[in-house]
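Here are my notes on this model, point by point. Please read them with the structure open.

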Amino acid sequence: MNPYILATLLFSLGLGTTLTFASSHWLLAWMGLEINTLAIIPLMAQHNHPRAIEATTKYFLTQATAAAMLLFASLSNAWLTGQWDIQLMYHPLPTTLASIALALKIGLAPLHTWLPEVLQGLDLITGLILSTWQKLAPLALLLQLQPTNSSLLIILGLTSTLVGGWGGLNQTQLRKILAYSSIAHLGWMVLILQFAPSLTLLTLITYLMMTLSTFLTFNLNKATNINALAASWAKTPVITSLAPLMLLSLAGLPPLTGFMPKWLILQELTKQDLAPTATLAALSALLSLYFYLRLSYAMTLTMSPNNLTGMIPWRLPSTQYSLPLAISMIITLTLLPLTPPLAALFTL
């Protein structure tokens, strides 16, 4: 892609998200979401491949449906209450419609079916943008909403954690596994949204770092399915030895970073007298742990049968820029001891 066009599209992505962040009017927020959607579509379709075109079409139709529903919710709110302010949305009908529309935009279960199929048709870098940056603007709007039906977000969150765990069990494609991982993590964020929004923000930041390191590791190895992970030792031995820790951090095992948000969320749910909800969420994390362990096994304990020891690729100079991977990997593995100051920072 022409670098000027790429720079314009990336600038439009940033502009759309910033516009949504800064707006208190529903029309401006909706406009930011639309700029975001229209900017990423050429990035998704840049590879002239049927799977990429199919994924782009599915994504466009889904986002257009969610945008129309969100616009209808904001119009209904203006009709019923006479104002367009995002934070003054108190009528149950437009609030529920807006919550469902935003859930469709970010891929919360049971509105998640488009996400694995779309992510499977993209390359890993575009998939990384879709899994991280594209979640920011809808989540910012969800944070500003004051839902009148509190059980809606709990149902969406629990369903997402369960579907994200069950859906990834029988997958062999890495991008689909990462899509179900995204659904499960978004479920944890939405589960705690109405009780402790600062914990949602903390979970989002840790998820962004862990997902960044995972996508960059798979992109460095040029791996798109589990079988391709078997050749990782010959390509990047140091990163391959750290990758199981990174995947277990995504699963939420101590003493790694991913344990921090799950620990704090379960603690807050228990304080809110939602012990059964916390128990179900913790059990659903075990489902995700299975396929993360499966990826770790495939990456470190199996060897490619066609690997020639005389042609070890890691001895050749690498042409990829690895500083973002190094920074995100350190954060993914070692942030848990900083939990008290981070929790204090996010609860100010």
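**Notes on helix packing and one buried threonine**

1. The crossing of helix 9 and helix 13 is left-handed. Bear in mind throughout that this is a predicted model.

2. Take the geometry of that pair next. Helix 9 covers residues 174-191 and helix 13 covers residues 259-271. Their axes come within 10 Å and cross at roughly 40°. That angle makes helix 9 oblique to helix 13. The cut-off matters here, because angles under 35 degrees would count as roughly parallel.

3. Now the residues at this contact. Helix 9 contributes His-185, Trp-188 and Leu-191. Helix 13 answers with Lys-262, Ile-265, Leu-266 and Leu-269. By class, the contact of helix 9 with helix 13 holds five nonpolar residues, one polar and one charged. Lys counts as charged, and Lys-262 is on the helix 13 side.

4. A second pair is helix 2 (residues 26-44) with helix 7 (residues 133-144). Their axes lie 11 Å apart, and the packing angle is about 170°. Angles over 145 degrees count as roughly antiparallel, and helix 2 and helix 7 are therefore roughly antiparallel to each other. The crossing of helix 2 and helix 7 is left-handed.

5. Which residues of helix 2 and helix 7 meet? From helix 2 come Trp-26, Ala-29, Leu-33, Asn-36, Thr-37 and Ile-40. From helix 7 come Trp-133, Gln-134, Ala-137, Pro-138 and Leu-141. Eight residues of the contact of helix 2 with helix 7 are nonpolar and three are polar. No charged residue takes part in this contact.

6. Helix 10 runs over residues 197-221.

7. Is helix 10 enclosed or open? Of its 25 residues, 18 are buried, so helix 10 is largely enclosed by the rest of the structure. Just after helix 10, check the backbone at Lys-222. Lys-222 takes a positive phi of about 55°.

8. Last, a single residue. Thr-126 sits in helix 6 (residues 124-131). Thr-126 is buried, because its relative accessible area is 3% and buried means under 20%. Which residues is Thr-126 in contact with, leaving aside its neighbours within four places in sequence? They are Leu-43, Met-44 and Gln-46. Helix 2 spans residues 26-44, and Leu-43 and Met-44 are among the contacts of Thr-126.

Definitions and conventions. Residues are numbered from 1 along each chain as its sequence is written. This is a predicted model: local features need pLDDT of at least 70, side-chain atom pairs count only at pLDDT 80 or more; totals for chains, interfaces and linings use all residues. Side-chain values use heavy atoms; hydrogens and water are left out. Helices (H or I, at least four residues) and strands (E, at least two) are DSSP runs, numbered from the N terminus. Buried means under 20% relative accessible area, exposed over 50%, partly exposed in between (1.4 Å probe, protein chains only). Contact means heavy atoms within 4.5 Å. Axes are lines fitted to C-alpha atoms, for helices over the stretch in contact, and angles run from 0 to 180 degrees between N-to-C directions. Angles under 35 degrees count as roughly parallel, over 145 as roughly antiparallel, 65 to 115 as roughly perpendicular and the rest as oblique. A crossing is left-handed if the near helix is turned anticlockwise from the far one by less than a right angle, and right-handed if clockwise. The expected span of a helix is 1.5 Å times one less than its number of residues.
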